[in-house]
Amino acid sequence: MTPSAIEPEAADMESFIRDVTSLVGAIDDQYELTRRVAARLSALLASGCRLPPEVTRPSDERHVTYPLHIAPDGSWSLASVVWNVGQRTPVHGHETWGVVGIYAGAEREIRYLKPAASGPCRALTPAGEQVWERGQVTVCCTTDDDVHAVAAVGDEPTVGIHVYGGDIGAIRRRLYDPATGAVRWFVSGWDSPSGA
């Protein structure tokens, strides 16, 4: 497909993917990298980019994570994450950096201080809540600040565009019991836009 034949929305997304690929290859500092990726994601959302309907479709059972781009070398991934009305995630970590922009709806993020990996299990310490609305972008995680839960709020599904340092569907990650600090490991995998 020639560049002139690309839909404007697809061209915006392809440009974003090229930009992030370049940033990931050039910047080692996760704080600088997430700041720059957040600026690019904010510009993408402000441009009016449109996601295909199949990657904005919620599930009645749980939130879903659709792959939009996985770098061939596994260095980063781009996802559409969708929560139906009232759904929430368990308390979890990412084990990498991440940036999230709200494409539709709104989400409530409940943050916790990341416990020391070698310390005894104890209740997680709350670190605040924030409601993120359409068009807003946040650095959701860095390797030292990486524990939260997310809930869809409002009367429409929440769709987020998520950028992670690594293939988030394949990374071994932590689930936390916030009352005890107990950890269970998981790999989220990816959901299929076709529902297969």
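Start by selecting aspartate 19: with a relative accessibility of 29%, this residue is partly exposed. (Buried means under 20% relative accessible area, exposed means over 50%, and partly exposed is in between, using a 1.4 Å probe and protein chains only.) You're looking at a predicted model, where local features need pLDDT of at least 70, side-chain atom pairs count only at pLDDT 80 or more, and totals for chains, interfaces and linings use all residues. Residues are numbered from 1 along each chain as its sequence is written, and side-chain values use heavy atoms, leaving out hydrogens and water.

Helices here are DSSP runs of H or I with at least four residues, numbered from the N terminus.

Stay in helix H2 and pick glutamate 32 and arginine 36, which are four residues apart, or about one helical turn. Their salt bridge has its closest N and O atoms 3.5 Å apart.

Now jump to glutamate 109 and arginine 111. Are they buried or exposed? Glutamate 109 is buried at 3%, and arginine 111 is buried at 14%. They form a salt bridge too, with the closest N and O atoms 2.5 Å apart.

Finally, select Glu32, Arg35 and Arg36: salt bridges with shared partners join them into one network.

Technical notes:
A salt bridge is a side-chain nitrogen of Lys or Arg within 4 Å of a carboxyl oxygen of Asp or Glu. Helices (H or I, at least four residues) and strands (E, at least two) are DSSP runs, numbered from the N terminus.
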